[in-house]
Amino acid sequence: MEIWLNPACSKCRSAVEILDEEGAAYTVRRYLEDPPGAEELRGVLQRLGLEPWDITRAQEPEAKELGLGEWERTDAARERWIAALAAHPRLIQRPIITADDGSALVGRSAEAVREAAARTGGEETSYG
């Protein structure tokens, strides 16, 4: 499992605490220092089952500078949104957790983080 986080974010710090409490094995990705590219964002969006505007932090100064509030939320505009997220990773909602089962979720609540931990490894497989 991987968690995309900003260490300055209280929701991210809370998510890490919950993952630790749950005994989850995870890798931290400081996505502001190691931003995802457009292709990786497409893959995570597919895993999330969301559109790029669904994971955009519209209140960030960059969003206002780009005028994101006026952008269309259509299939035709999807790549424009993805390009903006790749170029301005601060716009990406956090934390995003990619679970070992191939799913992903935005871990804004304790319940969502626990759900991600439950989807990930930790369970022993028995044969017999």
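**Entry 1: two helices**

I looked up how α2 and α4 cross, and the crossing is right-handed. I note that the model is predicted. Helix α2 covers residues 38–48 and helix α4 covers residues 78–87. I read that their axes come within 9 Å and cross at roughly 115°. Angles of 65 to 115 degrees count as roughly perpendicular, so α2 is roughly perpendicular to α4.

**Entry 2: the residues between them**

Which residues of α2 meet α4? I listed Ala 38, Leu 41, Arg 42 and Leu 45 on the α2 side. On the α4 side I listed Arg 78, Glu 79, Ile 82, Leu 85 and Ala 86. I sorted the residues of this contact by type: six are nonpolar, three are charged and none is polar.

**Entry 3: the sheet**

I turned to the strands next. Four of them form an open sheet in the order β2-β1-β3-β4, and the pairing is mixed. Which strands are at the edge? I found β2 (27–30) and β4 (104–106), each of which pairs on one side only. On average, neighbouring strands of this sheet are turned by 20° against each other, direction ignored.

**Entry 4: β1 with β2**

I followed β1, residues 2–5, to its pairing with β2. The two run in the parallel sense over four bridges. I looked up Leu 5 and found that its bridge partner in β2 is Arg 30.

**Entry 5: a helix on the sheet**

What does helix α5 touch on the sheet? I found that α5, residues 110–118, packs there against β3 (96–98) and β4. The direction of α5 makes about 165° with that of β4.

Key
Residues numbered from 1 in each chain as written. Predicted model: local features only at pLDDT ≥ 70, side-chain atom pairs only at ≥ 80, totals over all residues. Heavy atoms only, no water. Axes fitted to C-alpha atoms, helices over the stretch in contact; angles between N-to-C directions. Parallel < 35°, antiparallel > 145°, perpendicular 65-115°, else oblique. Left-handed = near helix turned anticlockwise from the far one by under 90°. Contact = heavy atoms within 4.5 Å. Nonpolar A, V, L, I, M, F, W, Y, C, P; charged D, E, K, R; others polar. Pairing = 2+ DSSP bridges.
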